[in-house]
Amino acid sequence: MDRIITAADSSAPSLCGAYEGKLKIGAAINTWHLEKDSTAYEVIRRHFNVFTLENQSKPEPVHPEEDRWVFAPVDRFAAFGEETGVTLRGHTLVWHSQCPGWFFRDGDGDASAELLLARMKEHITAMVSRYRGRIHTWDVVNEVLRDEGGLRESAWYRISGKEYIREAFRTAHAADPDARLIINDYNLESSDAKADTMAELVREMIADGIPVHGIGLQMHLGLDTDMERLKKNVRKLASIREIAPDFKLEVTELDMSCYRWGDEAEDIQWDEEKTARFTDKYTELFRFYLELAEEGVLDTVVFWGLHDGVSWLNGFPRKHKNYPLLIGRDFELKPAFFAVAALVEQ
Ligand code: XIL
């Protein structure tokens, strides 16, 4: 049997090294992966040059009560960035999920639009200015669209209308004029209606001078993702460059589940046929990313997790073992890893 090559092995190609000058390659991590002398840390340093905190910079952990802030993990993340010179992404400032309830309340009732927007601005200003120059990119708003197109009817929207989105970008830009500001969402590749709404919303904001610099494509994909539709929808969003030459797309949360949403099947057994499909799909995907990179519209691809064993997809939407990343549970490098690296190896 072939020797298994792990991500910590010095004989393996470095993924971000292979893509140097074409795309930055990243991973979502947690600060406990930053313990020096651990395999996780070695893998982080070897294969990735852009990072997102998986949970620790979201409003719920950072700002659990109106007058209580928990900055320590994000400070740790920022220090890691300063030590190593990698790119850091801030995730996320405004989201309907993992946002503490106090934002939306005033005594026993709902907060007014004015109060909610004031709290939002305070939160954004505190985060973005504290990490100014150290966190380079922010997912300013996350998942503000409905799956079937249109704006999501979240508590943010219900209370303040669509104005919170624009105000969030203006506030972040005032706190760090050099930060890249992103509007991030999922299923933009698979829902035509959602991609249409996103294209329209961002075009309008740019036309009105709102500092939105790019769209974050989460890209939580599946083995069954329709690649033609994906390319068509991503191209639709990329075409925003026509009105803003510096406009960018980023892939922010890439993974590839072997389950379908809403599919109640038993635990899937991984087999050779799945390995082949997984490898082909990742290869086609990165070929497409390289085309977009060549055109100057995509420069960053971030995986949502360091390896299969720590992927959120083992627990969401159900508890099932999942295999969504290029690095397996024992840090073994999958055939898809080598295929993706080989696309750019000389
Ligand atoms: C997920 C984390 O991975 C989980 O650990 C947490 O329990 C829930 O959130 N879209 C996003 C991410 O923007 O913040 C989500 O992260 C995954 C979906």
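## Around the ligand

A polar contact here is a pair of N or O atoms within 3.5 Å; within protein, one must be able to donate a hydrogen and the other to accept it, and residues adjacent in sequence count only if both atoms are side-chain atoms. This is a predicted model, where local features need pLDDT of at least 70, side-chain atom pairs count only at pLDDT 80 or more, and totals for chains, interfaces and linings use all residues. Residues are numbered from 1 along each chain as its sequence is written, and side-chain values use heavy atoms, with hydrogens and water left out.

So, what does the ligand touch? A polar side-chain atom of Asn142 sits 2.9 Å from a ligand oxygen. Asn55 has a side-chain N or O atom 2.9 Å from an oxygen of the ligand, and for Glu54 that distance is 2.5 Å. On its own the ligand exposes 410 Å², of which the protein buries 78% (Shrake-Rupley areas, 1.4 Å probe; for residues, only the protein chains shown count as cover).

Buried means under 20% relative accessible area, exposed over 50%, and partly exposed in between, with a 1.4 Å probe and protein chains only.

Beyond four places in sequence, Tyr282 is in contact (heavy atoms within 4.5 Å) with residues including Leu254, Phe303 and Val340.

## Serine 191

Ser191 is buried, at 13% relative accessible area. A polar atom of the Ser191 side chain lies 3.0 Å from the backbone nitrogen of Lys194. Setting aside neighbours within four places in sequence, Ser191 is in contact with Asp147 and Asn233.
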